[in-house]
Amino acid sequence: MSNCVIKVDSSKLAKLKDYYQPFLLEKIPQGAVFTAKKEGCTITAYRSGKVLFQGAKSQEEASLWGNEGKTSSAHKQVTKKTNAHLPENISSMSLIGSDEVGTGDYFGPMTVAAVYVEKEKISKLKSFGVQDSKGLSDKQIISIAKQVIQEVPYSLLILHNEKYNELQKSGMTQGKMKALLHNQAIQHVLNKIKPTMPEGILIDQFQEPSVYFRHNASKTIPLKERTFFSTKAEAVHLAVAAASIVSRYAFLIEMEKLSKKVGFSLPKGAGHKVDEVAAKLIQEKGIDSLHRFAKFHFANTEKALTISKKLP
Ligand code: MG
């Protein structure tokens, strides 16, 4: 079994815990903050800041946290190498950028967007307020996204919960779903802008490039040799920042639709509040309804079931 260890500071540790919320296990070893099991990888984080990744996907999973926080020297080298792949002038190139939203949220779909931003449009997008979407409010996201989709070619794919759960049940990992959707969205944008060719493609990295290409092995992978990957890619090129805003916008709209359907507001994330709302949903509409509103395989389902049994 392959192992991988990284070292993180306390704020990063909190981020990891947040990220792995859907996959947390109840039993944790002594000295650990949490243990999570996600798609062929067990993640154990210790109070010392050491994070251990075990299993076939350990390298892939650890690489998600690659160039953030303090990492061991061996790991630092790996991330340095990854970023060295990026052309020096990448931020001023004409690129297709892609990003996704909803992978860690129990309720709601997974949304993936690809956006083509030619270099002449970069300043225009900046004037709309396109930037790292994490710093933007929902209201801002909606207003900026509406301007972006009027201005530049894009593709938006929504993987609704029924389909997501079906694929997941058939054995497909969330990582593969993401890889397929990114590639599809990029292909759609390329078709839209034909015969123009972008100078490259930049994907907000969610897995090792080799894994991404393997997942898409049976598909056409356009511009493979000009496809770049970077974590925090929204800070590298505005096309990814725009893709992030468009996918977040779609996620917000879908969540609103789902909330209307159930008759109450569905929270984002995968924390305790989500468990409580899911329990309410089970009580009102039965456990099967979760297939239509949630990512069923998340640990939240079990927790919600336990809570629902205690409800009056
Ligand atoms: Mg991303």
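Which strands does helix H1 (residues 10–19) lie across, and at about what angle to E2 does it run? Point 3 takes this up.

1. **Confidence.** The average pLDDT of the protein chain is 91. Of the residues, 94% score at least 70. Residues 67–81 are another matter: there the pLDDT is below 50. In the model this stretch still has 19 contacts beyond near neighbours in sequence. Where pLDDT is low, predicted coordinates should not be read in detail. Please treat the contacts of residues 67–81 with that in mind.

2. **The sheet of 4 strands.** This sheet is open, and its order is E1-E4-E3-E2. The pairing is antiparallel. Strand E1 (3–7) and strand E2 (32–38) form the edges, each pairing on one side only. From one strand to the next, the twist averages 15 degrees. E1 pairs with strand E4 (residues 50–54) over 5 bridges, in the antiparallel sense.

3. **Helix H1.** Here is the reply to the opening question. H1 lies across E2, strand E3 (41–46) and E4. The helix runs at about 40 degrees to E2.

4. **The sheet of 5 strands.** This sheet is also open, with the order E7-E6-E5-E8-E9. Its pairing is mixed. The edge strands are E7 (154–159) and E9 (227–230), and each of them pairs on one side only. The twist here averages 15 degrees from one strand to the next.

5. **The E5–E6 pair.** Strand E5 (residues 95–101) and strand E6 (residues 110–117) are joined by 7 bridges. They pair in the antiparallel sense.

6. **Length and cover of H7.** Helix H7 covers residues 174–193, 20 residues in total. Its end C-alpha atoms lie 29 Å apart. At 1.5 Å a residue the helix should span 28 Å, so the two values agree. Is H7 mostly covered or mostly open? Mostly covered: 14 of its 20 residues are buried.

Notes:
Residues are numbered from 1 along each chain as its sequence is written. This is a predicted model: local features need pLDDT of at least 70, side-chain atom pairs count only at pLDDT 80 or more; totals for chains, interfaces and linings use all residues. Side-chain values use heavy atoms; hydrogens and water are left out. pLDDT is the predictor's confidence in each residue, from 0 to 100. Contact means heavy atoms within 4.5 Å. Helices (H or I, at least four residues) and strands (E, at least two) are DSSP runs, numbered from the N terminus. The expected span of a helix is 1.5 Å times one less than its number of residues. Buried means under 20% relative accessible area, exposed over 50%, partly exposed in between (1.4 Å probe, protein chains only). Two strands pair if DSSP finds at least two bridges between them. Axes are lines fitted to C-alpha atoms, for helices over the stretch in contact, and angles run from 0 to 180 degrees between N-to-C directions.
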